[in-house]
Amino acid sequence: MYVNLFLLFLALPVTVHAEKPLAELFINGSPTYTPLPYEPVVLEFRFKNPDTLTPIKSFKDMHGKFMHAIIIKKDLSHFAHVHPNFDPSTGLFHIGLHLPTQNPDNQDALHAFPQAGEYFIFSEIQLSDKKMLDFRFSVTVLGEENHVETVTDSSTIEDGKYKILFDPITVEGAGGNLVLFEFQVFTQNEDGTYIPAKDLQPWMMMGAHGILLDTQAKEFPLQDIFYKHLHATDADDEAIFRFTYFDRGNLKHKKTYRFWIQFRHGGKIHTAPITFQYDSKKF
Ligand SMILES: [Cu+2]
């Protein structure tokens, strides 16, 4: 009996630490505020220890930021990637939306909620002793919604200034599939032809950033949505970025997904949304 009790006490703290923090989102100080499109607002995030309910004040830096927040309209027609500031004295992260900002990594904050409708916010943090965690929120933006029913694949962006070729490759493994997402970025010449982009620049220590989301995300409870933030190293001489993802059964054969690739060129961040059907047999 003595031994069993001892084991129980030994096991308890381990269970406690495995629990995910409680996450809260406030807009203009309220957990229920519903903004208007382009309304200047402040978003604040707080994470609490699930047992003591005290705010967590220590986070680990990921690619130079304490938080990456991805804001996606639920019809997948809008995407923003921003970096709230962390205040270690309170444990709060905050970011102003639709307000002038000098931060080159927060340019998407100028158009985070551009239309009425429902939005996802995926906020990513890393606790000092754990792997990266993401927390999901749902935000309603008031007004009459312009429904975008079909998700279109755009292989050119910014009025044809850039063209993106996309090729996913799957290699079957024992514990799952290794999926290689290849993107080639082209720039348009004056005569309208395209050449592989030159002078692509790293962004936040990586060649490119990518967000992968199930196109039917809004049909699922927030916690069950398939969402992944991937990174590519620098592009090769042909302007090809490669993202690898080891899939342990999350990606479903013949289901559609949307991949937003973000790369830096000419000192600006460019975002290209690509929709594709996953083929677990393609190699
Ligand atoms: Cu980020």
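1. Basis. The model is predicted: local features need pLDDT of at least 70 and side-chain atom pairs count only at pLDDT 80 or more, while totals for chains, interfaces and linings use all residues. Residues are numbered from 1 along each chain as its sequence is written, and side-chain values use heavy atoms, with hydrogens and water left out.

2. Domains. The chain is assigned domain 1 (2-141) and domain 2 (156-277); such bounds come from an automatic or database domain assignment. Taken over C-alpha atoms, the centres of domain 1 and domain 2 are separated by 24 Å.

3. Extent of the interface. Contact (heavy atoms within 4.5 Å) involves 22 residues of domain 1 and 22 residues of domain 2. Between them the two domains bury about 2,000 Å², and 67% of this lies on carbon and sulfur atoms. Buried area here is the accessible area (1.4 Å probe) that two parts lose on being put together, summed over both. Of the area that domain 1 buries against domain 2, 37% is supplied by His63, Leu76 and Arg136, more than by any other three residues.

4. Polar links across the interface. Between domain 1 and domain 2 there are 0 salt bridges, a salt bridge being a side-chain nitrogen of Lys or Arg within 4 Å of a carboxyl oxygen of Asp or Glu. Polar contacts are present across this interface, in 8 residue pairs with both residues at pLDDT 80 or more. A polar contact is a pair of N or O atoms within 3.5 Å; within protein, one must be able to donate a hydrogen and the other to accept it, and residues adjacent in sequence count only if both atoms are side-chain atoms.

5. Make-up of the domain 1 side. The elements giving two or more residues to the side of domain 1 that touches domain 2 are β3 (68-73), β4 (79-82), β7 and β8 (132-141). Of the elements, β8 gives the most to this side, with 4 residues. Strands are DSSP runs (E, at least two residues), numbered from the N terminus. By class, this side of domain 1 has 8 nonpolar, 6 polar and 8 charged residues. Ala, Val, Leu, Ile, Met, Phe, Trp, Tyr, Cys and Pro count as nonpolar, Asp, Glu, Lys and Arg as charged, and the others, Gly among them, as polar.

6. Salt bridge Lys255-Asp214. The salt-bridge rule gives a count of 11. One of them pairs Lys255 with Asp214, whose closest N and O atoms are 3.3 Å apart. Lys255 lies in the loop between β16 (240-247) and β17 (256-265) and Asp214 in strand β14 (residues 208-214), so the pair ties together parts that are 41 residues apart in sequence. Both Lys255 and Asp214 are buried. Buried stands for under 20% relative accessible area, exposed for over 50%, and partly exposed for values in between (1.4 Å probe, protein chains only).

7. Other salt bridges. Arg242 and Asp236 form a salt bridge with their closest N and O atoms 3.3 Å apart. Arg242 is partly exposed at 36% relative accessibility, as is Asp236 at 30%. In the salt bridge between Asp279 and Lys254, the closest N and O atoms are 3.9 Å apart. This pair links distant parts of the chain, 25 residues apart: Asp279 is in the segment after β18 (268-277) and Lys254 in the loop between β16 and β17. Asp279 is partly exposed at 24%, and Lys254 is partly exposed at 46%. Salt bridges that share partners also join Glu24, Arg46 and Lys48 into one network.

8. Asp108. This residue is in the loop between β6 (92-97) and β7 (117-126). With a relative accessibility of 13%, Asp108 is classed as buried. Leaving out residues up to four places away in sequence, Asp108 touches Phe79, Ala80, His81, Val82 and Gln262. Its C-alpha atom is 9.4 Å from that of Ile71, which is 37 residues away along the chain.

9. Positive phi. His98, a residue other than glycine, has a positive phi near 60°. His98 belongs to the loop between β6 and β7 and is buried, at 11% relative accessible area. Asp199 also is not a glycine and has a positive phi of about 60°. Asp199 sits in the loop between β12 (194-196) and β13 (200-201), and counts as exposed at 65% relative accessibility.
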